[in-house]
Amino acid sequence: MVSITNHMPTAELQALDAAHHVHPFSTNAGFATKGARVITGADGCWLSDSEGEKILDAMAGLWCVNIGYGRDELAEVAARQMKELPYYNTFFMTTHVPVIALSAKLAELAPGDLNHVMYSSSGSEANDTNLRIVRTYWAEKGKPSKKVVIARWNGYHGSSMGSGSLGGMKSIHSQGGLPIPDIHHIGQPDWWSEGGDMSPEDFGLMRAQELEQAILELGEDKVAAFIAEPVQGAGGVIIPPATYWPEIQRICDKYEILLIADEVICGFGRTGNWFGCQTMGIRPDIMTIAKGLSSGYQPIGGSILSDEVNAVIAATEFNHGYTYSGHPVAAAVALENLRILEEEKVIARLQDDTGPYLKEQFESLAQHPMVGEAKIIGAMGSLALTPDKATRAKFAGKEGAVGFMVRERCFANNLVMRHVGDRMIISPPLVISKAEIDTLIERAWKSLDEGMARAKAEGIFKAA
Ligand SMILES: *Cc1c(COP(=O)(O)O)cnc(C)c1O
């Protein structure tokens with residue numbers, strides 16, 4: 001057996017990676033010619049790689065490392081829990097202390113009567129759970145025809161069969177026979193890309209009213225729930241116009257449709273409050289959680305149910321769960337993460353201090369000649385790239401080509417900023433400092449300049 005350590009030469013690590021590791025959301029054949037960057041460590045907002053580079057992680061991993069890297073407390077809690085009780089399940093009339101403590105804490109933090117948690121190890125699994133919960137809920141209430149879940153184009157809810165179907169990513173639907181039956185998609189509230197000549201407010205209202213049209217077309221007796229992210233993340237950080245969510249809430253109330261807020265990104269401080277539904281002023285019946293729940297230190301997700309939804313589900317044997325639902329080590333680590341978020345006032349600091357500074361600095365990127373719009377809420381932001389700000393034009397050439405060029409330059413400039421099509425997005429750890437924000441903005445500006453120069457050289461810096 002070869003021992004594989006951080007001290008092997010990068011090229012050897014990359015060759016083994018290309019030979020044996022299948023990466024998610026990647027064209028894996030490509031790794032044979034260009035190896036993956038090998039991340040070897042991390043602290044605060046900074047990653048280190050096998051070449052000794054220090055990289056500013058403006059994505060908090062995959063939107064999850066809310067408290068930053070390198071917190072020993074979480075490692076210590078995990079080690080302690082592994083020694084005491086490394087594993088036990090919560091099937092068959094058993095439970096354990098970490099899952100009890102975490103559930104009580106989540107019930108305290110979650111708004112309203114969202115007081116009951118069913119666990120998973122990821123956001124995808126939690127949304128699969130939600131699909132079964134809402135359909136079982138209506139069946140138990142004597143309305144088994146209420147099965148359809150309405151979701152949105154360009155929403156992201158995971159990549160399993162159920163969650164990938166709920167999501168509205170055509171690239172996911174096109175592989176593996178998705179979507180599964182009884183999922184219906186409506187338009188997203190992305191004014192920049194799709195709002196045409198409408199005002200953002202009118203457009204937001206129109207997109208919300210697509211929910212009402214869909215309910216009327218499908219039949220109220222067929223619709224179980226509506227699922228959406230309070231702010232779309234993977235779709236490009238789409239912050240909806242202010243008119244959107246109040247109208248969605250009105251429609252869900254009017255037709256008694258369960259509202260599922262997918263808080264996998266928005267939860268645990270990302271939008272400046274504990275949950276995105278608080279920022280948006282909505283009252284979900286179910287919240288999906290994962291990512292920031294443990295700041296990514298352990299794989300854990302879940303569904304938080306209202307008293308009413310739980311009461312209906314609790315009356316029957318619900319044949320659902322995962323071997324690792326409520327895993328004791330993951331639960332203990334999540335609880336420690338929540339303690340740090342709360343005691344160190346991480347979310348309050350983001351609201352009152354670093355958040356306003358980040359907003360001001362990030363919005364200043366709109367002065368860059370290629371940035372049409374710079375929008376941010378809490379610590380999730382998006383730059384819409386365009387060759388013509390006045391008309392919000394798309395670039396000539398393939399959509400996303402310029403975004404990819406900028407991302408390549410960010411990578412070279414030791415900044416992790418992701419592109420979604422021709423948007424550049426950030427979601428840094430919530431603990432990012434003002435000095436680190438300055439570095440982020442400097443590197444982003446430089447990368448935008450370099451990306452723009454390349455787009456010009458390739459003749460695609462012009463309207464499509
Ligand atoms: C990441 C994400 C998921 C899926 O979570 P996984 O842990 O990757 O399965 C679901 N919903 C949203 C909003 C996400 O951002």
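Let me begin with helix α4 (residues 97-109), which lies across β4, β9 and β10 (301-306) and runs at about 135° to β4. Helices (H or I, at least four residues) and strands (E, at least two) are DSSP runs, numbered from the N terminus. Axes are lines fitted to C-alpha atoms, for helices over the stretch in contact, and angles run from 0 to 180 degrees between N-to-C directions. Contact means heavy atoms within 4.5 Å.

This is a predicted model, in which local features need pLDDT of at least 70 and side-chain atom pairs count only at pLDDT 80 or more, while totals for chains, interfaces and linings use all residues. Residues are numbered from 1 along each chain as its sequence is written, and side-chain values use heavy atoms, with hydrogens and water left out.

Seven strands form an open sheet with mixed pairing, in the order β4-β10-β9-β8-β7-β5-β6; two strands pair if DSSP finds at least two bridges between them. Because β4 (114-120) and β6 (183-186) stand at the edges with a single partner strand each, one side of each is left without a neighbour in the sheet. On average, neighbouring strands of this sheet are turned by 25° against each other, direction ignored. Within it, β8 (residues 258-262) and β9 (residues 286-289) pair in the parallel sense over three bridges, and aspartate 262 has threonine 288 in β9 as its bridge partner.

Next, the domains. The protein is divided into domain 1 (38-67 + 345-457) and domain 2 (73-343), with bounds that come from an automatic or database domain assignment. Their C-alpha centres lie 26 Å apart, and 34 residues of domain 1 are in contact with 38 residues of domain 2.

The largest nonpolar core has 93 residues, and Phe226 and Leu385 have the most contacts inside it. Such a core is a set of buried Ala, Val, Leu, Ile, Met, Phe, Trp, Tyr and Cys residues joined through side-chain atoms within 4.5 Å, buried meaning under 20% relative accessible area with a 1.4 Å probe, protein chains only. Helix α13 (residues 328-343) gives the most to this core, with eight residues.

Finally, serine 427 is placed in the loop between β15 (423-426) and α16 (434-457). At 0% relative accessibility, serine 427 counts as buried.

Definitions and conventions: Buried means under 20% relative accessible area, exposed over 50%, partly exposed in between (1.4 Å probe, protein chains only).
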